[in-house]
Every structure is written in C-alpha cells, then in structure tokens.
Amino acid sequence: MESENRRELIEQVVVTAEQMRQIEGRIFEAGMPVAALMEKVAGLITRSIQTLYPWAENRRVGVLVGPGHNGGDGLVVARELHLQGYEIHIYRPLSKLKELTNYHAQYALSLGIPFYDEIEPLYECDLIIDGLFGFGLTRSLSGSIAEAVELLNQWSQPVVSIDLPSGLHTDTGEVLGIAVRATRTLCLGLWKLAFLQDQGLDYIGEAELIDFGIPLKDIWSILGEPPDLLRVTKTVAKQFLPLPRPKVTHKYQQGHLLLICGSKQYSGAAILAGLGARASGVGMLSMAVPESIKLLVVSHLPEAVVIGCPETTAGAIAFLPELVLEKLHQPSGSSHTYNAIACGPGLTKDAKDIVQGVLAAQCPMVLDADSLNILAELITIPTLLKRLGQTVLTPHVGEFRRLFPDSAELLPDRVQAVRKASQLSRSVVLLKGARSAIANPRGSVWLIPESTPALARGGSGDVLTGLVGGLMAQPVLSEHPLDAVVATAAWWHAQAGILAAQDRSELGVDGGTLAEFLMAVVRGNRE
C-alpha cells in the first residue's frame with residue numbers, strides 16, 4: 001500500500017528543468033553515485049523497451065548518443081540490449097563526451113558495437129532510441145545534428161526518446177529549431193513540464209514515467225508540500241467528486257445553480273450547458289433563457305426550472321425577471337439565493353447589460369464564451385477586482401488573449417500565462433487546450449494530463465461550463481479549494497471525451513454525446 005501511495009504522489013508531481021536539477025543535486029549530495037543512478041535508470045529503460053519492442057520483432061536497434069548523461073543513459077541501454085541479443089548501431093555526432101558517458105562509449109566499442117558519425121547507417125534499424133539531449137536543453141539544434149533529426153523524422157520506424165525528445169524545451173515544450181518526433185517518450189523520475197504544454201505534444205508521442213525511486217523528502221524539500229504544479233489524476237479527482245451523498249438530504253442541500261445562457265441564434269448552447277450541469281448532480285438547476293427558446297430547452301431538460309426572459313430584437317436576453325434578480329441580490333449563503341451562477345454559453349455580445357448586472361452578485365460565478373468577450377470590453381482586471389464573490393473564467397486561447405493581453409505575452413508557455421492572469425485578476429482561470437491548465441490566485445496550477453482532439457468541436461465548452469457551475473454550486477464541495485473543484489470538472493470533461501472517442505471515434509463526439517459519457521467517468525472512478 002505504501003508503494004502504491006508513493007507512486008500516486010509521483011504521478012501528480014510536475015517539475016521544471018531547474019527543479020529537477022536541484023532534486024538530483026540533493027540525491028548526489030546524499031551519496032548516490034552518478035554512475036550507479038545511470039545504471040539503475042538505464043536498466044529500467046531497457047526493461048521497458050524489451051517489453052514494448054521484443055527482440056523477435058525488433059532485432060536491429062539504432063541508438064542516438066549525445067555528449068551528456070542522456071547520451072550515457074543511451075549507451076548503457078545499448079550495451080544491455082546488445083547483451084540480450086539485439087543488433088545495435090550507434091549514431092554519435094559529437095566526439096567530445098562527458099567523462100562518464102565517454103567511459104560507456106569506450107566499453108561499447110570494446111564489445112564490437114559499431115559507431116557512426118552520420119545517421120544514414122541506422123536507416124535499416126527496426127527501432128530508434130533517442131539519447132541525444134535530455135532535460136535542460138536551451139539551445140536550438142543546428143548543423144549536422146539538425147540535419148540528422150530532420151532525416152530521422154522522415155523515417156517510418158518507431159522512435160523512443162529518453163526523458164524528452166531531443167530538441168524540446170523542458171519547461172515550455174517549445175521546439176528549439178527542430179526536434180525528434182518520438183513515437184514514445186520515457187520520462188525519467190518526475191514529469192517534466194513540457195509533457196503538459198500543448199506545443200510539445202506532437203513530438204512526445206505516448207508518454208510513460210520511469211520512476212527510479214527519488215525519495216519524497218528530496219522532492220518536497222525543493223517543491224514544497226504540496227507543490228504548486230500538479231497533474232490531476234484519477235485519485236485526485238475522486239477526492240473532489242460529490243460522492244457519496246448523505247443518506248438523508250434534499251435537493252437544496254445538493255446545491256442550486258443558476259445558468260444564464262442561450263439566444264435565439266444559439267439555443268443549442270443553452271441545452272448543452274444544461275446537460276453538463278445536470279450531469280454534475282446539482283440538486284436544483286434554474287436556467288434563464290430568452291422566452292423564444294424556453295419550450296425547446298424544457299423539452300431537453302424537463303427537470304430544470306426554465307425561466308423565460310424578455311429578449312432583444314436580435315433574440316438575446318434583454319433583462320432578467322424580478323424573480324431571478326431577487327435571488328441574485330440576496331447575501332451570499334442565504335437560503336434564498338443561488339449557490340453559484342454560470343453565465344455565457346450562447347448569450348451573444350448583445351447581452352452586455354446582463355453580464356454587467358450579474359457581476360454584482362456575491363455568490364461564486366463561472367464566466368464563459370460571450371460573457372468573457374463582454375468582460376474583456378469592460379476591462380477585465382479592474383472589473384473582477386470589484387467582485388465580492390469568487391470568479392472562475394474558462395477561456396480558450398483566443399479569449400484569453402482578449403481578456404489578459406499582458407499575460408498573453410507569456411504564451412505559448414501556458415502555465416506562466418495562466419498563473420499571472422489568475423494572480424492579477426484574483427480569479428480561478430481555466431485555460432482550455434489540449435492540456436488545460438487551471439490556476440488560482442496563490443500561484444498554484446493544476447494540469448490536465450490527457451485529453452482528446454475529439455473535444456475540438458462546437459458545444460464541448462458549453463458542456464464544460466455547465467459541469468463546472470454544477471460542481472461549484474454543491475455545498476459539500478465548498479469545503480474544498482475552488483481551483484481543485486474546477487480542475488476536477490476539467491478532468492471529468494476530458495475523460496468523458498476520451499471514453500466517447502473510444503466508443504464513437506474522434507469524429508463522433510458531439511456535445512450531446514459528450515454529456516452522455518460524463519456518467520460513465522463517474523462509474524469508472526468509483527471502482
């Protein structure tokens with residue numbers, strides 16, 4: 001059980017290059033010989049490769065060797081695979097190697113393993129192992145090495161990168177000139193930040209963490225406990241799902257969400273947001289929509305209290321009825337108010353007065369879609385700093401640039417950009433993407449470790465808004481940090497997309513289908 005708990009903690013941790021250097025430094029200062037650690041790590045890599053690419057199907061293996069310890073890892077792996085019967089060919093473009101790496105090169109030569117200073121002889125190999133450069137690379141690849149990587153990327157055989165694909169920036173995932181396009185990357189010790197940045201994903205391929213036993217005390221001494229960068233895993237999400245419910249309860253004890261959404265033009269957005277909210281398990285769902293789409297929304301969400309609102313000539317909500325306004329202006333925590341508000345899907349920018357009025361409410365609120373565009377027009381930061389309640393923003397990159405032009409300068413480093421935006425606005429910010437990032441004003445960031453391109457489809461964000469709002473509204477979750485609840489919703493949404501894509505293909509995951517699969521995630525997470 002202790003080893004399982006340790007593995008779960010290790011899976012959550014994310015480090016920068018500098019943090020990884022400091023953690024390794026503590027290990028070496030404590031007496032772990034560098035050579036011993038290299039042997040241990042390379043042994044784990046070798047076993048993984050033998051499992052994934054057995055000798056019977058991958059007899060010829062090419063190994064790319066750089067000058068540092070990443071190259072040393074590659075050489076030890078090459079040696080061990082050679083001793084297991086694989087035919088090894090080594091590409092070593094640089095003759096000057098670090099001392100330990102050079103020792104391994106000399107021994108590999110003594111075993112009769114051929115070395116080449118050009119990559120072309122490795123073309124006939126069944127598998128390529130990339131050990132050119134590991135974490136901490138800051139210079140762009142150039143010259144003959146860049147040419148070799150460009151050629152390698154044109155070949156068809158699988159490529160396994162050690163720690164990081166050579167040419168990727170460890171923290172941002174930026175391609176430094178050119179980078180190896182790996183089929184699989186074996187990340188060493190702790191997850192590097194590049195694995196959670198959108199721009200590196202096309203190069204990393206399938207990712208696997210090689211846990212070589214870093215003591216937790218060394219991790220916490222550098223990162224703090226808890227760290228300010230964490231991956232949302234199944235175990236983490238399970239802590240913040242509103243389960244199990246008490247045996248004696250009633251609907252208002254399970255939260256009351258007001259969803260302000262929709263227009264004559266975008267009636268579907270209101271329905272999809274409502275379906276996301278319904279899946280959250282919130283006890284009561286009230287929806288304020290234009291009068292012209294009320295019956296349509298009721299037909300899809302018969303359990304919701306659907307409030308028809310007067311509308312503009314363009315079909316947007318013109319103003320909220322008195323029965324809604326009365327609850328909006330009750331003090332936060334009152335039994336006569338809403339526990340949370342979700343505002344934005346399908347509103348159109350004609351609803352500017354609605355958004356301005358809603359911002360004055362004291363209860364927690366999530367803003368998405370057109371409410372974000374309206375917020376940007378109102379000037380984001382000073383407007384949000386006037387709010388008395390907690391605010392969650394769920395922008396995609398385009399909306400983020402409009403909301404936070406100064407923070408957007410930090411893009412494409414999504415982590416730094418979302419962290420700055422959250423701190424300046426004193427809001428929880430969920431920056432959507434292939435690897436969504438959720439920041440709180442204290443500087444902590446949650447990262448969603450996996451998703452699917454099936455979610456790149458109109459309506460998926462509306463489902464997420466309803467889901468986030470529905471979780472925020474449930475009083476049982478008010479005991480937890482708001483950013484953790486939002487991160488759970490983002491993880492839940494991504495997992496539903498993955499399950500739906502497995503069942504329907506990446507082309508078959510529309511918003512309605514996505515909402516249907518939300519419950520499948522909960523069922524699986526209770527196991």
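1. Start with helix α6 (residues 143-152): α6 lies across β2 (60-65), β3 (87-91), β5 (127-131) and β6 (159-162), and runs at about 140 degrees to β3. Helices (H or I, at least four residues) and strands (E, at least two) are DSSP runs, numbered from the N terminus. Axes are lines fitted to C-alpha atoms, for helices over the stretch in contact, and angles run from 0 to 180 degrees between N-to-C directions.

2. A word on the source: this is a predicted model, where local features need pLDDT of at least 70, side-chain atom pairs count only at pLDDT 80 or more, and totals for chains, interfaces and linings use all residues. Residues are numbered from 1 along each chain as its sequence is written, and side-chain values use heavy atoms, with hydrogens and water left out.

3. Now the sheet. Seven strands form an open sheet in the order β4-β3-β2-β5-β6-β7-β9, with parallel pairing (strands pair if DSSP finds at least two bridges between them). At the edges sit β4 (115-116) and β9 (206-210), each pairing on one side only.

4. Finally, a helix pair. The axes of α2 (residues 17-29) and α8 (residues 216-223) come within 9 Å and cross at roughly 135 degrees. Contact (heavy atoms within 4.5 Å) involves Q19, Q22, I23, R26 and I27 of α2 and D218, I219, S221, I222 and L223 of α8.
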